[in-house]
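I set down here what I looked up in this structure. The entries begin with the division of the chain and go on to a sheet and a pair of helices.

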Amino acid sequence: MEVKARAPGKIILSGEHAVVHGSAAVAASIDLYTHATLTFPTSPEHEDMLKLQLKDMALEFSWPISRIKLAFSQLGVPFSSKPTTCSSESLKLIAGLVEEQRIPEAKIALASGVSAFLWLYICIKGFRPATVVITSELPLGSGLGSSAAFSVAISAALLAFSDSIKTDLRRPGWLDFEALQLDLVNKWAFEGEKIIHGKPSGIDNTVSTYGNMIKFKTGNLTRIKSSMPLKMLITNTKVGRNTKALVAGVSERNIRHPDAMSFVFNAVDSISKELANVLQSPALDELSITEREEKLGELMEMNQGLLQCMGVSHASIETVLRTTLKYKLASKLTGAGGGGCVLTLLPTLLSGTIIDKVISELEACGFQCLTVKIGGNGVEFSNGSS
Ligand SMILES: Nc1ncnc2c1ncn2[C@@H]1O[C@H](COP(=O)(O)OP(=O)(O)OP(=O)(O)O)[C@@H](O)[C@H]1O
Ligand SMILES: C[C@@](O)(CCO)CC(=O)[O-]
Ligand SMILES: [Mg+2]
């Protein structure tokens, strides 16, 4: 039997980092996906193995089920129908299982993803042999939510057609989960994100699970129905960074300067609320769209200034900001910053010629530009026929 799931990446229009400290943030899904395919063995030679294939990286990891059982023999089986946080003892055992796989040094950042996979698999499926194959259209560690899409796609593939989620195996094509099922996928994915991010707010797994556009504050989501078209250019600076370290850096700055940082987080909260209101205000005519785009651009610039204040900008991000500003276009980093991707608002009336000029100037700096569809479906699953 084969089960597939796909989960989208995301952009954050406002509020990253501050959302970890209780401010509101606004995020939207994008049409770049991570796919997870789960198959149970049909031939006896694979019967005692759990395998994880990361196809894009040409890496395969495998553990004899007996080895996993042995690792957990002292702590007991974490098998659970309820989303469970990986304790530091369990994380140590899992880190041991990951270390045995000898991930090449250049790809060692993948270790936290492999640990998240093992935790989700063992908790949800127990000691059952299987192969899980991952492919992704998202750049890893670039601010487009690759870690969340990975955790959501894995949780969804493991939960679809399980005891927790009864779904109809016979229907073809990509299928939607029901509301309560989505909540369960999201909660498990959050446990995966905790292993990769350290202290996630939950915004990335939430927008990847539910899709569309959301406002998110202290664990609660409000769906946003944007009444205006929204076009963004995404520039990947290709400067690698790690969300866990950047989130920890902001928390340290907050400990050093709690009074000043609380004003910064409050300012971001107001920006996100205003941004959500602008997106949802009733559509009237073309002029009002232009005015609203100007407001959005200004709010994005203000948010970027505050992200600089938090210490998560980077020289490469500043280069993108300077380049787009020459064309009077507003930009901000998206996700954890420190490199990664930058969003640039492309107003509806902006000519194609200008867009092409901006893109070629950014690409001449060695960056990669992408345009994506914003606000599509969240996680979906299929019986393998898609
Ligand atoms: N397709 C994948 N295969 C294996 N591991 C993955 C995959 N996608 C993400 N990961 C794990 O997530 C890590 C990247 O997560 P990180 O949170 O640093 O960046 P991001 O999620 O892309 O950006 P942001 O959190 O800013 O949106 C990788 O180093 C790896 O451990
Ligand atoms: C930096 C951060 O705010 C967003 C990463 O996409 C971290 C989080 O909210 O978990
Ligand atoms: Mg991430």
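**Domains.** I noted that the chain is divided into domain 1 (2–222 + 378–382) and domain 2 (226–371); such bounds come from an automatic or database domain assignment. The model is a predicted one, in which local features need pLDDT of at least 70 and side-chain atom pairs count only at pLDDT 80 or more, whereas totals for chains, interfaces and linings use all residues. Residues are numbered from 1 along each chain as its sequence is written, and chains are lettered from A and ligands numbered from 1 in the order in which they are written.

I found the centres of domain 1 and domain 2, taken over C-alpha atoms, to be separated by 28 Å. I then looked up the contact, counting two residues as in contact if their C-beta atoms, placed from the backbone, lie within 7 Å. On this basis 29 residues of domain 1 touch 35 residues of domain 2. On the domain 1 side, β1 (2–14), β2 (25–39), α5 and β6 (213–217) are the elements that give two or more residues. Helices (H or I, at least four residues) and strands (E, at least two) are DSSP runs, numbered from the N terminus. The most comes from β1, with four residues. By class, this side has 13 nonpolar, 13 polar and three charged residues. Here Ala, Val, Leu, Ile, Met, Phe, Trp, Tyr, Cys and Pro count as nonpolar, Asp, Glu, Lys and Arg as charged, and the others, Gly among them, as polar.

**Sheet.** I traced an open, antiparallel sheet of four strands in the order β9-β10-β8-β11; two strands pair if DSSP finds at least two bridges between them. Strand β8 (residues 232–236) is joined to the antiparallel β10 (residues 341–345) by five bridges, and Thr-235 has Val-342 as its bridge partner in β10. I also saw that helix α10 (residues 315–325) packs on the sheet and touches β8, β9 and β10, its direction making about 170° with that of β9.

**Helix pair.** How do α3 and α5 cross? The axes of α3 (residues 110–125) and α5 (residues 179–197) come within 8 Å and cross at roughly 145°. Axes are lines fitted to C-alpha atoms, for helices over the stretch in contact, and angles run from 0 to 180 degrees between N-to-C directions. The contact includes Trp-119 and Leu-120 of α3 and Trp-188 and Ile-195 of α5. I counted seven nonpolar, four polar and one charged residues in this contact.
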